[in-house]
Amino acid sequence: MDTDQFQEEALNNAAQAIRNTILGRLHDDGLNHHDVQFRVKAPGSAAEKMARRDENGQLKYPGGLERLDDLIGMRVILYVESDIEAVAIALSSQFACLDDEDKTAMMRKNGGIGYAGRHLTLQVPAANPPSGCRDYIGRRFEVQIRTVLQHAWAEFEHDIRFKGSSGDNAEISRAFTMASTLIELADQQFVNISDILKRIQSEGTPEAAPVSKKLDAGALQGVLTRAFPDSRSSKVNQYDWMVNVLAANGIDTVNAAEDWFNAIDPREVSKVMGYRFSPGQVRIADDLLLKFFGESYVDATKEVGSDTNRETKLRSRLRRIRTERDHA
């Protein structure tokens with residue numbers, strides 16, 4: 001295997017580990033998302049960038065491959081623009097943040113139109129690296145956080161402007177500008193729809209359900225929205241996961257879930273956990289259950305789902321809860 005092949009394979013392994021860590025963090029925080037993608041810069045492209053020189057003939061990137069931030073590029077694709085800030089905070093908490101550029105805010109402040117997004121430059125930290133990334137300490141990578149509509153626009157525009165032959169055509173440029181304006185409006189409406197849905201669900205009166213009616217994901221989302229009306233919705237499959245978590249603790253009917261969450265004040269765990277942003281409904285439920293049941297909750301739910309590090313994470317959070325309680 002030559003050096004280029006080895007480098008590309010190593011980068012792909014690192015990128016996959018970073019992607020898994022990001023997915024785990026989004027799941028842990030109950031943050032709804034469409035997809036997490038990655039790409040690795042090809043050896044030829046990396047070599048071309050390393051050879052670039054400035055106007056004085058000096059290398060623009062003298063630090064070697066390890067100093068390039070974009071050998072690995074991650075994309076976190078969300079449904080609503082209002083979730084971008086929470087994801088940026090979550091990832092900056094998981095990794096060392098070297099740079100954070102809110103291109104959307106800058107563009108709008110300057111009166112511009114078009115795709116921008118939130119761009120982070122992150123690094124796997126030496127102190128407390130994520131368990132799946134311990135072999136990649138010091139590895140830098142870029143993250144683009146965008147909505148599905150922004151993603152579609154950016155991908156199509158890139159194909160036309162950089163791969164096509166008509167990228168500088170004035171008519172095409174005008175059409176892209178119009179499309180970007182419509183996408184911005186559509187993103188705003190998606191946020192509006194999400195807020196309206198949350199209000200309707202939180203104001204709704206739960207239907208009288210038989211005590212024996214089994215809890216399912218749809219019913220649970222309604223329960224948690226009424227219990228935590230100010231919290232963001234989690235990814236759909238996380239409600240399925242939480243149904244299994246609740247069942248492992250003897251809460252397996254709609255009435256039992258409604259009664260349990262209505263009797264708990266979510267502000268208690270918010271104070272203890274010191275959330276830097278409003279997490280998803282499922283994360284809040286998970287922390288409340290952990291605080292109430294303690295060790296028995298860890299034992300009952302450590303193998304629910306596919307996260308092999310869940311027990312370690314739960315015990316870390318439980319120590320934090322107990323430390324804050326003892327200092328109160």
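1. Start with R75 and E155: their side chains meet in a salt bridge, 3.0 Å from N to O. (A salt bridge here is a side-chain nitrogen of Lys or Arg within 4 Å of a carboxyl oxygen of Asp or Glu.) R75 sits in strand β2 and E155 in helix α5 (residues 148-163), so the pair ties together parts that are 80 residues apart in sequence. Helices (H or I, at least four residues) and strands (E, at least two) are DSSP runs, numbered from the N terminus. R75 is partly exposed at 25% relative accessible area, and E155 is partly exposed too, at 31%. For the cut-offs: buried is under 20% relative accessible area, exposed is over 50%, and partly exposed is in between, with a 1.4 Å probe and protein chains only.

2. A word on what you're looking at. This is a predicted model, where local features need pLDDT of at least 70 and side-chain atom pairs count only at pLDDT 80 or more, while totals for chains, interfaces and linings use all residues. Residues are numbered from 1 along each chain as its sequence is written, and side-chain values use heavy atoms, with hydrogens and water left out.

3. Back to the charges: the salt-bridge count comes to 22. One of them joins K313 and D28, with the closest N and O atoms 2.8 Å apart. K313 belongs to helix α13 (residues 310-327) and D28 to helix α1 (residues 3-28), so this pair ties together parts that are 285 residues apart in sequence. K313 is partly exposed at 25% relative accessibility, whereas D28 is buried at 17%.

4. D70 and K41 make another salt bridge, the closest N and O atoms being 3.5 Å apart. Here both partners come from loops: D70 from the one between α2 (43-50) and β2 (72-78), K41 from the one between β1 (35-40) and α2, so the pair ties together parts that are 29 residues apart in sequence. D70 is buried, with 9% relative accessible area, and K41 is buried at 15%.

5. Now the sheet. Five strands form an open sheet in the order β1-β2-β5-β4-β3, with mixed pairing; two strands pair if DSSP finds at least two bridges between them. β1 and β3 (96-102) are the edge strands, each pairing on one side only. Strand β4 (residues 118-123) and strand β5 (residues 140-147) run antiparallel and are joined by six bridges. Q123 has R140 in β5 as its bridge partner. Helix α3 (residues 84-94) packs on the sheet, touching β2, β3, β4 and β5, and its direction makes about 10° with that of β4. Axes are lines fitted to C-alpha atoms, for helices over the stretch in contact, and angles run from 0 to 180 degrees between N-to-C directions.

6. Look at α7 against helix α8 (residues 236-248) as well: the axes come within 9 Å and cross at roughly 85°. The two helices are therefore roughly perpendicular, the label for 65 to 115 degrees. A217, L220, Q221 and L224 in α7 meet Y239, D240, M242, V243 and L246 in α8, contact meaning heavy atoms within 4.5 Å.

7. Finally, L215, in the loop between α6 (170-203) and α7 (217-227). L215 counts as buried at 8% relative accessibility. Leaving aside residues up to four places away in sequence, L215 touches L220, V243, L246, D252, T253, V254 and A257.

How values were computed:
Parallel < 35°, antiparallel > 145°, perpendicular 65-115°, else oblique.
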